[in-house]
Amino acid sequence: MELSIIRRETTGVAPNQYNESETITKFEIMDGAPVRGETIPIRLFLGGFDLTPTFKDVNKKFSTRYYLSLVLVDNDGRRYFKQSEITLVSVWLTAFLLMV
């Protein structure tokens with residue numbers, strides 16, 4: 001089972017849109033297949049990675065989105081994929097704006 005963080009940046013408008021994906025990090029959570037119904041808690045510390053806040057459609061020309069990607073391999077070698085979008089915010093900037 002693998003867990004990875006993916007950054008997707010989109011620039012431009014619809015006919016001339018440019019997309020770029022970058023895998024920030026990849027972890028192997030466990031070796032082998034999990035048992036059906038098993039719950040696996042995961043704690044992921046983000047402090048050591050070069051991450052920016054999530055930007056969604058800035059002036060309809062730019063966006064930066066992050067995804068959590070999970071790849072699961074069963075006993076027969078079949079691979080299952082799941083991606084979920086995550087939203088990152090800048091806590092320091094938020095705290096600064098609240099103080100002003």
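Student: Where is Lys 60 placed?

Tutor: Lys 60 sits in the loop between strand 3 and strand 4. Strands here are DSSP runs (E, at least two residues), and helices are runs of H or I, at least four residues, all numbered from the N terminus. The model is predicted: local features need pLDDT of at least 70, side-chain atom pairs count only at pLDDT 80 or more, and totals for chains, interfaces and linings use all residues. Residues are numbered from 1 along each chain as its sequence is written, and side-chain values use heavy atoms, with hydrogens and water left out.

Student: Why is Lys 60 called exposed?

Tutor: Set its value against the cut-offs. Buried means under 20% relative accessible area, exposed means over 50%, and partly exposed is in between (1.4 Å probe, protein chains only). Lys 60 has 68%, so the residue counts as exposed. Its phi is positive, about 60°, although Lys 60 is not a glycine.

Student: What is the phi of Asn 59?

Tutor: Phi of Asn 59 is near 55°, a positive value in a residue other than glycine. Asn 59 also lies in the loop between strand 3 and strand 4. At 68% relative accessible area, Asn 59 is exposed.

Student: What makes Arg 7 and Glu 22 a salt bridge?

Tutor: The rule asks for a side-chain nitrogen of Lys or Arg within 4 Å of a carboxyl oxygen of Asp or Glu. In this pair the closest N and O atoms are 3.6 Å apart, and Arg 7 forms a salt bridge with Glu 22. Arg 7 lies in strand 1 (residues 2-11) and Glu 22 in strand 2 (residues 18-28), so the pair ties together parts that are 15 residues apart in sequence. Arg 7 is buried at 9%, whereas Glu 22 is partly exposed at 39%.

Student: How many salt bridges does the rule give?

Tutor: The count is six. One of them joins Arg 78 and Asp 74, with the closest N and O atoms 2.8 Å apart. Arg 78 is partly exposed at 46%, and Asp 74 is buried at 17%.

Student: Which residues are linked in a network of salt bridges?

Tutor: Lys 56, Asp 57, Arg 65 and Glu 85 are linked in this way. Glu 85 and Arg 65 have their closest N and O atoms 3.4 Å apart. Glu 85 is in strand 5 (residues 79-86) and Arg 65 in strand 4 (residues 62-73), 20 residues apart.

Student: How do you know that Thr 54 is buried?

Tutor: Its relative accessible area is 14%, so Thr 54 falls in the buried class. Its side chain reaches the backbone nitrogen of Leu 88 at 2.9 Å. Thr 54 touches residues including Thr 64, Tyr 66 and Ile 86, leaving out those up to four places away in sequence. Touching, or contact, means heavy atoms within 4.5 Å.

Student: Why is Leu 72 called partly exposed?

Tutor: Its value is 24%, so Leu 72 takes the in-between label. Leu 72 is in strand 4. Among the residues that Leu 72 touches, not counting those up to four places away in sequence, are Met 1, Pro 34 and Tyr 80. The C-alpha atoms of Leu 72 and Gly 32 are separated by 9.1 Å, though the two are 40 residues apart along the chain.

Methods
Polar contact = N/O pair within 3.5 Å; in protein donor to acceptor, adjacent residues only side chain to side chain.
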